Amino acid sequence: MCGDGGIWRCTNCLGCPLLCASCCRTTHRRLPYHRVEEWKGDSFEPGWLSSVGIEIHLGHLGEICP
């Protein structure tokens with residue numbers, strides 16, 4: 001998306017695009033249950049969206065508690 005080197009891919013998104021952490025966070029902000037993998041140099045390993053900054057906030061319409 002942004003042109004930076006991507007190390008994240010989503011196994012739920014069509015085509016499993018490679019994304020940088022920022023693009024992965026932006027793309028999945030409203031898709032917190034997608035499964036991602038992180039490139040570790042020689043293979044992809046299961047990863048967590050929390051590693052790119054995704055947080056799930058319950059209540060307050062999805063916003064951080066005041």
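These legends describe close-up views of a predicted model. Local features need pLDDT of at least 70, side-chain atom pairs count only at pLDDT 80 or more, and totals for chains, interfaces and linings use all residues. Residues are numbered from 1 along each chain as its sequence is written, and side-chain values use heavy atoms, without hydrogens and water.

**View 1. The largest nonpolar core has 11 residues.** Its members are Trp 8, Cys 10, Cys 13, Leu 19, Cys 20, Cys 23, Cys 24, Val 36, Leu 49, Val 52 and Ile 54. A core here joins buried Ala, Val, Leu, Ile, Met, Phe, Trp, Tyr and Cys through side-chain atoms within 4.5 Å. Helices (H or I, at least four residues) and strands (E, at least two) are DSSP runs, numbered from the N terminus.

**View 2. Ile 54 is buried in the segment after E4.** Ile 54 counts as buried because its relative accessibility is 12%; the cut-off is under 20% relative accessible area (1.4 Å probe, protein chains only). Beyond four places in sequence, Ile 54 touches Arg 25, His 28, Arg 29, Pro 32 and Leu 49. Contact means heavy atoms within 4.5 Å. The C-alpha atoms of Ile 54 and Arg 30 are 9.2 Å apart, with the residues 24 apart along the chain.

**View 3. Strands E3 and E4 form a hairpin.** Four bridges join E3 (residues 36–39) to E4, and the strands run antiparallel. Pairing requires at least two DSSP bridges. Glu 37 stands opposite Pro 46 in E4. Four residues lie between the strands, and Gly 41 takes a positive phi near 100°.

Notes: Buried < 20%, exposed > 50% of the residue type's maximum accessible area, 1.4 Å probe, protein only.
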